[in-house]
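Please look over the sequence and the model before reading on.

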Amino acid sequence: MAGDSHFYVWLGADVRDNFQPLPDFIMMMRAFQEFTPRNLITLRNQRGYGTQKNWMWVRQELLHYVHGTPSFTVTYTDIPKILRGYYKTVNGKKTENIERSRSDNIRPGNVWVDIQQVFYRMEENVPGCYAQKPLKAIERILLTSSLEGDVVLDCFAHSGTTLLAGERLNRRVVTFDLDPVFAELTIRRLDNYRATGKTGWQWHNPFPEMEEVYDSTATA
Ligand SMILES: C[S@@+](CC[C@H](N)C(=O)[O-])C[C@H]1O[C@@H](n2cnc3c(N)ncnc32)[C@H](O)[C@@H]1O
């Protein structure tokens with residue numbers, strides 16, 4: 001890794017497997033003295049699992065380390081509706097903190113509640129991707145933790161969100177995926193964005209040529 005850089009690791013904590021891989025990964029990172037822990041971000045999903053016999057699991061974890069002393073650019077976000085409270089009576093009227101605020105924006109904290117999970121009705125949806133990350137989340141990371149022209153590495157391309165975010169924010173992205181289908185999808189997603197301005201396919205098939213193959217085998 002370059003001298004001054006940020007390192008983000010997005011991973012799950014599976015309660016059915018002793019919260020792995022999160023704890024083992026945190027322990028492993030202690031061996032890499034050149035990385036300093038910077039934050040532990042939690043994303044709040046809108047949908048979860050475990051509603052019948054457990055608290056619904058609606059979180060994803062994002063570990064943030066730094067190497068050296070990289071810059072950090074403050075960004076702002078709309079005040080999420082979920083953030084209510086700090087009631088105070090002003091001129092005889094009970095108001096909450098959002099009403100009293102002079103600004104419509106706040107700096108995101110380390111619990112992100114304002115990012116919509118990707119699902120099939122959203123333009124950015126890439127059908128077939130089981131772990132697609134929201135563009136807004138990756139763009140937030142790129143905006144805070146890199147500058148225009150910087151190189152961004154994502155070793156797990158999947159739906160190609162990082163490549164697309166880099167295209168939109170003028171970062172040079174290096175990315176790859178073990179699975180050639182996801183590598184191809186990543187390339188197609190960028191091509192599709194350049195051709196149409198669309199960030200994904202919503203529910204349309206990114207591999208339309210495969211439909212013709214299926215159709216011809218079905219009628220054969
Ligand atoms: C959780 S997804 C990444 C999601 C991605 N950030 C996005 O926004 O779409 C993980 C991806 O890593 C790929 N992968 C798993 N092991 C890998 C390896 N050793 N090298 C490269 N890619 C790998 C999988 O094929 C999968 O597409």
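## Overall make-up

The model is predicted. The chain has 220 residues, and 18% of them count as buried. Its secondary structure consists of six helices and twelve strands. Among contacts with a separation of 6 or more, 59% are between residues 24 or more positions apart.

Four strands form an open sheet in the order 1-5-4-10, and the pairing is mixed. Strand 1 (5–11) and strand 10 (111–112) are the edge strands; each has a single partner, so one side of each has no neighbour in the sheet. Strand 4 and strand 5 (residues 57–67) run antiparallel and are joined by ten bridges. Helix 1 (residues 22–29) lies across strand 1, strand 4 and strand 5. The angle between helix 1 and strand 1 is about 155°.

Ile41 belongs to strand 4 (residues 35–49). Is Ile41 buried or exposed? Ile41 counts as buried because it has 20 C-beta neighbours inside 10 Å, and 20 is the number at which a residue is classed as buried. Beyond the neighbours within four places in sequence, Ile41 is in contact with Leu62, His64, Asn110 and Trp112. The C-alpha atom of Ile41 is separated by 6.3 Å from that of Leu63, a residue 22 positions away along the chain.

The largest nonpolar core has 17 residues, of which Ile138, Leu142 and Ala165 touch the most other members. Helix 3, helix 4 and helix 5 each contribute at least two residues to this core. The most come from helix 3, which gives five.

The buried residues of helix 3 are Leu135, Ala137, Ile138, Ile141, Leu142 and Ser145. An α-helix has 3.6 residues a turn, so residues three or four places apart point the same way. The cover over the buried residues of helix 3 includes strand 1, strand 4, strand 10, strand 11 and helix 4. Ile138 touches Lys133, Thr161, Thr162 and Ala165, when residues up to four places away in sequence are not counted.

In helix 4 (residues 161–169), the buried positions are Thr161, Thr162, Leu163, Leu164, Ala165 and Gly166. Helix 3 (135–145), strand 11 (151–154), strand 12 (172–175) and helix 5 (180–196) are among the elements that cover them. Just after helix 4, Asn170 has a positive phi of about 60°.

## Strand 11 and strand 12

Strand 11 and strand 12 pair in the parallel sense, with four bridges between them. Within this pair, Leu153 stands opposite Val174 of strand 12. Which residues of strand 12 make up its covered face, and which its uncovered one? Val173 and Thr175 are on the covered face, while Arg172 and Val174 are on the uncovered face.

## The ligand shell

The ligand is surrounded by 14 residues, and the closest of these are Lys133, Phe156, His158, Ser159 and Thr161. By type, the shell contains seven nonpolar, four polar and three charged residues.

His158 is located in the loop between strand 11 and helix 4. With 21 other C-beta atoms within 10 Å, His158 is buried. The phi of His158 is near 55°, a positive value in a residue other than glycine.

## Backbone details around strand 3

Phe19 lies in the loop between strand 2 (13–14) and strand 3. Its phi is near 65°, which is positive although the residue is not glycine. Phe19 counts as partly exposed because it has 13 C-beta neighbours inside 10 Å.

Strand 3 (residues 20–21) includes Pro21. The peptide bond from Gln20 to Pro21 is cis, and its omega is near 5°.

Conventions. Residues are numbered from 1 along each chain as its sequence is written. This is a predicted model: local features need pLDDT of at least 70, side-chain atom pairs count only at pLDDT 80 or more; totals for chains, interfaces and linings use all residues. A residue is near a molecule or strand if its C-beta atom, placed from the backbone, lies within 6 Å of it. Ala, Val, Leu, Ile, Met, Phe, Trp, Tyr, Cys and Pro count as nonpolar, Asp, Glu, Lys and Arg as charged, and the others, Gly among them, as polar. A residue is buried if 20 or more other C-beta atoms lie within 10 Å of its own, exposed if 12 or fewer, and partly exposed in between; C-beta atoms are placed from the backbone. Two residues are in contact if their C-beta atoms, placed from the backbone, lie within 7 Å. Two strands pair if DSSP finds at least two bridges between them. Axes are lines fitted to C-alpha atoms, for helices over the stretch in contact, and angles run from 0 to 180 degrees between N-to-C directions. A nonpolar core is a set of buried Ala, Val, Leu, Ile, Met, Phe, Trp, Tyr and Cys residues joined through C-beta atoms within 7 Å.
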